[in-house]
Amino acid sequence: MSAQRALRLVLLGPPGAGKGTQARILEERFGALQISTGDLLRKHVADGTSLGLEAKSYMNSGALVPDSIIIGMMEDRIKGENAFVLDGFPRNVAQAEALDAMLLRLDKPLGAVLLFEADGETLIRRLTARWSNPRTGRTYNSETNPPKVAGIDDEDGGPLVQRPDDTFEVVQNRLATYDAQTAPLIDYYGNDGLLVRIDGLMPIEAVTAEVMRELALENVTPA
Ligand code: AP5
């Protein structure tokens, strides 16, 4: 795979596997914009838009937000960008087919789909200990990746909060939703030859090093 193609990525994996963490690192180091459906939806919820009002109940129960909302929202977001890391999209086969059609129209083929793998016990432990900055989406973890001062973002000094869908009960639903609706994308992209499996259980920096090795990213000039 060429390094240039590698900068159009889909990050796949269950909740808590580290998609957001790695997407932000790839953005900082290589200039490939992180586009997170979860962050876009949470912004709509915080702003009280009609889209946010519709999405909120699905998100708070651990279900997927309807494709009719997601696909239009993502098409708008992707079309002006050349290099991007899609974090949390696509999440089912219908979304993957819509993305394929969109990227074909835009003549922007995907470089790779990174699948971050981790076991359920680790995912639950990570999510119930996650703290994030609602303004920037930056995440910390009170056990594995704590901020210097508890409850405060190292970068901008803003307050850190726990997400309403990171309770034990909702996390269980999110994992079940992933198994039923998102895991089929492993075969979908495996058949395309785009899938790269990454061990998400390693420490954050080791996961990043593995991603860079797989994608030969040391050769890339930041966009
Ligand atoms: P979204 O925000 O996308 O949540 P998610 O996919 O469930 O993923 P998370 O953000 O919880 O986990 P992550 O893999 O990014 O892990 P992170 O890096 O933060 O979606 C939320 C909701 O929005 C969905 O449930 C759905 O309702 C809706 N939605 C979103 N997209 C949609 C779509 N396309 N269609 C329909 N509905 C959609 O890491 C987790 C924690 O672990 C952090 O504390 C981090 O510091 C820590 N950590 C990360 N990596 C490591 C490591 N290697 N070692 C130790 N700790 C680590």
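How many aromatic pairs does a search of the whole structure find? The search finds 1 aromatic pair, where rings of Phe, Tyr and Trp (its six-membered ring) pair if their centres lie within 6.5 Å. The partners are Y188 and Y189, whose ring centres are 5.0 Å apart with 80° between the planes, an edge-to-face arrangement. By the convention applied here, planes over 60 degrees apart are edge-to-face, those under 30 degrees apart are stacked, and the rest are tilted. Y188 is buried, at a relative accessible area of 19%, and Y189 is buried too, at 0%. Buried stands for under 20% relative accessible area, exposed for over 50%, and partly exposed for what lies in between (1.4 Å probe, protein chains only).

The model is predicted, with local features requiring pLDDT of at least 70 and side-chain atom pairs counting only at pLDDT 80 or more, while totals for chains, interfaces and linings use all residues. Residues are numbered from 1 along each chain as its sequence is written, and side-chain values use heavy atoms, with hydrogens and water left out.

We can turn now to the ligand. Around the ligand there are 37 residues, of which T21, A63, R91, R130 and R174 come nearest; a residue is near if one of its heavy atoms lies within 4 Å. By class, this shell holds 16 nonpolar, 13 polar and 8 charged residues. Here Ala, Val, Leu, Ile, Met, Phe, Trp, Tyr, Cys and Pro are nonpolar, Asp, Glu, Lys and Arg are charged, and the others, Gly among them, are polar.

An oxygen atom of the ligand lies 2.9 Å from a polar side-chain atom of R42. A backbone N or O atom of G88 is 2.9 Å from a nitrogen atom of the ligand, and an N or O atom in the side chain of T144 is 3.0 Å from a ligand nitrogen atom. On its own the ligand has 1,000 Å² of accessible area, and the protein covers 97% of this (Shrake-Rupley method, 1.4 Å probe). Elements giving two or more residues to the shell are α2 (19-30), α3 (37-47), α7 (120-128), β6 (139-141) and α10 (204-215). The largest share, 4 residues, comes from α3. Helices (H or I, at least four residues) and strands (E, at least two) are DSSP runs, numbered from the N terminus.

Buried residues in α2 include K19, G20, R24 and F30. Just after α2, G31 takes a positive phi of about 75°.

T139, placed in β6, has a side chain joined to that of R24 by a polar contact of 3.3 Å. Such a contact is a pair of N or O atoms within 3.5 Å; within protein, one must be able to donate a hydrogen and the other to accept it, and residues adjacent in sequence count only if both atoms are side-chain atoms. T139 is buried, with a relative accessible area of 17%.

Strand β6 also contains N141, which is buried at 7% relative accessibility. N141 and E97 are 44 residues apart in sequence and 34 Å apart in space, C-alpha to C-alpha. N82, in the loop between α5 (67-78) and β3 (84-87), is partly exposed at 46% relative accessibility. N82 and L7 are 75 residues apart in sequence, with 8.6 Å between their C-alpha atoms.
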